[in-house]
Amino acid sequence: MSSKQSTVKAAAWMMLSLLLLLLMSVSGRVVTHELNVFQAMEMRSVIAFFMLLPLVYREGGLREMRTSIPLRHIGRNVAHYLGQYAWLLGLTLIPLAQVISIEFTAPIWAAFLAAIFLKEPLTWRKGIVILFGLAGVAVIVRPGGAPLNPGHIITLGAAVAFAISFVSTKALTRSDGATKILFWMLVIQSIIGVVPALSVWTWPSSSTWPWIFLLAFTGSFAHFCMAKALAHADATVVMPMDYLRVPASALIGYLLYAEAIDVFTATGAGLILLGNLFNLQRPRRLES
């Protein structure tokens with residue numbers, strides 16, 4: 001392993017990423033109440049691009065953002081954009097509990113994809129983390145037994161797309177830094193989304209603009225933090241930490257929207273935390 005590898009640093013960056021994702025969910029709920037999702041996604045990318053420029057110039061300017069692997073950046077961002085769209089479409093076709101359950105199969109696909117394409121070892125420790133995480137998510141969301149319909153397939157496609165995006169980000173960190181990865185994400189997704197956004201465009205009200213800026217910052221810089229996390233640890237170490245979004249979202253729902261936290265949420269959160277703590281307790285000989 002490279003000297004850059006550090007589970008503790010990866011965990012710290014991933015926790016910051018999760019915090020930003022949670023703030024994004026709050027601002028996203030406000031923005032999409034008024035604006036179409038395509039427009040919200042496009043405004044996020046364009047505004048965040050200008051937010052990123054000071055960091056770009058601190059690292060040498062636009063010239064330093066040149067990449068030798070443009071096709072990999074395009075592939076990663078096409079997968080991520082399609083995943084976002086499929087996830088939102090799934091919400092209109094099947095119950096939310098089922099959407100969340102299927103979405104959180106992404107770590108399984110990421111683990112297998114990382115093992116195949118990145119040659120990362122799929123150890124028994126990582127397998128246990130994945131099992132604990134999936135068990136925790138299943139306990140929390142308690143998906144129903146409805147028969148399979150197109151929404152299940154579409155949402156499963158979203159989970160696979162997210163896994164491809166995640167593993168692709170890990171591959172990109174081998175040659176490009178977090179700033180460069182985020183730079184190309186904003187450029188490529190702005191280009192991808194411009195036509196769909198213009199087709200549904202309406203001018204936001206003044207009260208929505210602060211939430212749009214918050215959505216732009218959190219939704220984009222969460223990816224910066226995630227890229228930093230992936231630079232310090234394998235994808236199969238970092239990805240299971242994303243399970244913490246479920247109990248954290250439940251807490252935000254309780255505090256902001258008076259949504260009760262029941263025994264299932266508490267039990268599932270415990271399983272998720274146990275799995276992640278087990279993952280962080282790596283044998284000392286592996287840290288040498």
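**Exercise 1.** Which residues in H8 meet which residues in H9?

*Solution.* This is a predicted model, where local features need pLDDT of at least 70, side-chain atom pairs count only at pLDDT 80 or more, and totals for chains, interfaces and linings use all residues. Residues are numbered from 1 along each chain as its sequence is written, and side-chain values use heavy atoms, with hydrogens and water left out.

Step 1. List the contacts (heavy atoms within 4.5 Å). Ala178, Thr179, Ile181, Leu182, Met185 and Leu186 in H8 meet Ser220, Phe221, His223, Phe224, Ala227 and Lys228 in H9.

**Exercise 2.** At what angle do H2 and H9 pack, and how far apart are their axes?

*Solution.* Step 1. Two packed helices are described by the angle between their axes and the distance between the axes. Axes are lines fitted to C-alpha atoms, for helices over the stretch in contact, and angles run from 0 to 180 degrees between N-to-C directions.

Step 1. For H2 (residues 37–58) and H9, the angle is about 65° and the axes are 8 Å apart. H2 is therefore roughly perpendicular to H9 (this term covers 65 to 115 degrees).

**Exercise 3.** Where does Phe132 lie, and what is its relative accessible area?

*Solution.* Step 1. Phe132 lies in helix H6, residues 124–141.

Step 1. The relative accessible area of Phe132 is 28%, so Phe132 is partly exposed (between buried, under 20%, and exposed, over 50%, with a 1.4 Å probe and protein chains only).

Step 2. The C-alpha atoms of Phe132 and Leu274 are separated by 7.5 Å, although these residues are 142 residues apart along the chain.

How values were computed
Helix = DSSP H or I, 4+ residues; strand = E, 2+ residues; numbered from the N terminus. Parallel < 35°, antiparallel > 145°, perpendicular 65-115°, else oblique.
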